[in-house]
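Subject: Structure handover

Hello,

Here is the structure I said I would pass on. Please open it next to this message and read the notes below with it.

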Amino acid sequence: MYSIEDQVEDWKTVFLAQKGNSIFCNVDDSYIADPFNLTNLDKDIDNYKSALKLILNDITLSKIKGLHLKKIWDSACFLYGQIHARYILTNDGMLKMLDKYENSAFGTCPRVQCDQQSLIPVGIDDRVGVARVKFYCCNCEDVYEPDGQCNKEIDGAFFTTTFPHLFFLSFPHLKPKTKFKIDRYVPRMFGYKIYRHSKLHKWQERERTKAIWESISKLPV
């Protein structure tokens, strides 16, 4: 979780440096310190005040002893995740996630046909404790489990179901120019397409295109 050496650093530095936590961005202290941004978070988090003080370095790890230290630390991690979920939907938060995305900090799509398209974190449920974080590919529009470099215990709610889609609406140039058609591997025997797979792919393309146009029709004009 942390070590004695960590006590010389601020809490966010320690937290973000932990293995697997690099998918979080560094939330500005000014955002965390604004009570408006934390509305209702105190209702669901134990040791809320102490956890907030720890995140903002108003208290240090060295001043918290024994079992109480673990409780405060865990509460601070949970609180930071909840704040992070809100922050990444702001302009400043998106710009920080953009920097990570452009450097493929979240990994690349394992699907061969996506040609190492960068992934982005996504939650499949906005309720905390329901599902772990996944990674979304904007090319094949599918989600994948984290690789070994990510902490697989991170809650998906800390990245929301909204974030990746709002992200690509904000930065549309990042989406590949596929014109609604996804490159697919086509099974062949002696140079001929296997009919069963060809039929399945056509159905998948129709359903995907239908879903895309339905989503577009719901966007505000």
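The notes below go from the whole chain to the sheet, the helices and then some single residues.

This is a predicted model, in which local features need pLDDT of at least 70, side-chain atom pairs count only at pLDDT 80 or more, and totals for chains, interfaces and linings use all residues. Residues are numbered from 1 along each chain as its sequence is written, and side-chain values use heavy atoms, with hydrogens and water left out.

The whole chain

The protein chain has seven helices and five strands. Helices (H or I, at least four residues) and strands (E, at least two) are DSSP runs, numbered from the N terminus. Along the sequence their pattern is α-α-α-α-α-β-β-β-α-β-β-α. Of the 221 residues, 40% are buried; buried means under 20% relative accessible area, exposed over 50%, and partly exposed in between, with a 1.4 Å probe and protein chains only. The chain exposes about 13,500 Å², and 54% of that comes from carbon and sulfur atoms. These areas come from the Shrake-Rupley method with a 1.4 Å probe; for residues, only the protein chains shown count as cover. Taking contacts between residues at least 6 apart in sequence, 63% join residues at least 24 apart. A contact means heavy atoms within 4.5 Å.

The sheet

Three strands form an open sheet in the order β1-β2-β3, with antiparallel pairing. Its edge strands are β1 and β3 (142–144), each of which pairs on one side only. Two strands count as paired if DSSP finds at least two bridges between them. Neighbouring strands here are turned by 40° against each other on average, direction ignored. In general, strands of a sheet pair through backbone hydrogen bonds, either parallel or antiparallel.

Four bridges join β1 to β2, and Leu119 stands opposite Cys137 in β2. Between β2 and β3 there are three bridges, and Tyr136 has Val143 in β3 as its bridge partner. From β1, Leu119 and Pro121 point one way and Ile120 and Val122 the other way; all are buried.

Helix α6 packs on this sheet, touching β1 and β2, and its direction makes about 135° with that of β1. Axes are lines fitted to C-alpha atoms, for helices over the stretch in contact, and angles run from 0 to 180 degrees between N-to-C directions.

Helix α6 (residues 163–170) has Phe163, Pro164, Phe167 and Phe168 as its buried residues. Seen down the axis of α6, they fall within an arc of 125°, so they line one face of the helix. The arc is that of the directions from the helix axis to the C-beta atoms. Their cover includes α5 (91–102), β1 (119–122) and β2 (134–137).

In helix α3 (residues 48–55), the buried residues include Tyr48, Ala51, Leu52, Leu54 and Ile55. They cover an arc of only 160° around the axis, which puts them on the same side of α3. After α3 comes Asn57, with a positive phi near 65°.

Cysteines

How many disulfides are there? A disulfide is a pair of cysteine sulfur atoms within 2.5 Å, and by this rule the count is zero. Cys140 is in no disulfide, and the nearest cysteine sulfur, that of Cys137, is 3.7 Å away. Cys140 counts as buried because its relative accessibility is 4%. Cys25 is buried too, at 1% relative accessibility.

Residues in loops

The loop between α5 and β1 holds Pro110 and Gln117. Pro110 counts as exposed, at 56% relative accessibility, whereas Gln117 is buried, at 15%. Not counting residues up to four places away in sequence, Pro110 touches Leu119 and Tyr144. Pro110 is 27 residues from Cys137 in sequence, and the two are 9.4 Å apart in space, C-alpha to C-alpha. Leaving aside neighbours within four places in sequence, the contacts of Gln117 include Tyr101, Cys109, Cys137, Asn139 and Leu174.

Lys19 lies in the loop between α1 (11–17) and α2 (29–33). Is Lys19 buried or exposed? Lys19 counts as exposed because its relative accessibility is 73%. Lys19 and Asn151 are 132 residues apart in sequence but 6.8 Å apart in space, C-alpha to C-alpha.

Regards
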